[in-house]
Amino acid sequence: MKIIIKNGSEQPLYQQIKDQIKGAILRQELKEGEKLPSIRSLANNLHVSVLTTKRVYEELEKEGFIVTIVGKGSFVASENMEMLSEFKRHLVEKKLSEVWQMARTLGIYKEELYSMMDIIFEEDDE
């Protein structure tokens, strides 16, 4: 698992770490049941406080992305694949809503937006 921290980012360190782990789970780079580094190990590797990585794991667990078993470690949650799929759909819906709001503000209507998306899809298929 490769995590890149940007010190100049406005985003807090814990959020950068959390988003990258969550992204790796959503892209299935981290598989169901896969063991994550210990809180201390991750903190040492990233040169951050143990409290920072503890917060990351606690939030990921609350959101259902990981499970922690006392004495064994933290693992990618396996029973929540439907929840992860729904989360992915929600992210896309949120971004589409933002794009739609921007398009309306710029005077771009539905038909033109559909045409733009068709072009993007065609380019992606090539």
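Biologist: How far apart are the closest N and O atoms in the salt bridge of Glu-63 with Lys-18?
Modeller: They are 2.6 Å apart. A salt bridge here is a side-chain nitrogen of Lys or Arg within 4 Å of a carboxyl oxygen of Asp or Glu. This is a predicted model, in which local features need pLDDT of at least 70 and side-chain atom pairs count only at pLDDT 80 or more, while totals for chains, interfaces and linings use all residues. Residues are numbered from 1 along each chain as its sequence is written, and side-chain values use heavy atoms, with hydrogens and water left out.

Biologist: Where do Glu-63 and Lys-18 sit in the chain?
Modeller: Glu-63 is in the loop between H3 and strand S1 (66-69), and Lys-18 is in helix H1. The pair links distant parts of the chain, 45 residues apart. Helices (H or I, at least four residues) and strands (E, at least two) are DSSP runs, numbered from the N terminus.

Biologist: Is Lys-18 buried or exposed?
Modeller: Lys-18 counts as buried because its relative accessibility is 5%. Buried means under 20% relative accessible area, exposed over 50%, and partly exposed in between, with a 1.4 Å probe and protein chains only. Glu-63, at 28%, is partly exposed.

Biologist: And what about Glu-59, how close does its salt bridge bring it to Lys-18?
Modeller: The closest N and O atoms of Lys-18 and Glu-59 are 2.9 Å apart. Lys-18 lies in helix H1 (residues 13-26) and Glu-59 in helix H3 (residues 50-62), so this pair ties together parts that are 41 residues apart in sequence. Glu-59 is buried too, with a relative accessible area of 19%.

Biologist: Which Arg forms a salt bridge with Glu-59?
Modeller: Arg-55, with closest N and O atoms 3.1 Å apart. Glu-59 and Arg-55 are separated by about one helical turn because they are 4 residues apart in helix H3. Arg-55 is partly exposed, at 39%. Salt bridges that share partners join Lys-18, Lys-22, Arg-55, Glu-59 and Glu-63 into one network.

Biologist: Why can side chains like these pair?
Modeller: Side chains of opposite charge can pair when their charged atoms come close.

Biologist: How many salt bridges does the structure hold?
Modeller: It holds 7.

Biologist: New topic. In what order do the elements run from the N terminus?
Modeller: The order is α-α-α-β-β-α-α, which comes to 5 helices and 2 strands. The chain is more spread out than a compact globule, because its radius of gyration is 19 Å, well over the 14 Å that the globule rule gives for 126 residues. That radius is taken over C-alpha atoms, and the rule is 2.2 Å times the number of residues to the power 0.38.

Biologist: What does the C-alpha trace span along its principal axes?
Modeller: About 55 × 35 × 30 Å. For a pair of residues, Met-117 and Ser-49 are 44 Å apart in space, C-alpha to C-alpha, and 68 residues apart in sequence.

Biologist: Where is Met-117 found?
Modeller: Met-117 is in helix H5 (residues 110-125). With a relative accessible area of 28%, Met-117 is partly exposed.

Biologist: What share of the residues in the chain is buried?
Modeller: Buried residues make up 28% of the 126.

Biologist: Last one, on contacts. What share joins residues at least 24 apart?
Modeller: Among contacts between residues at least 6 apart in sequence, 47% join residues at least 24 apart. Contact means heavy atoms within 4.5 Å.
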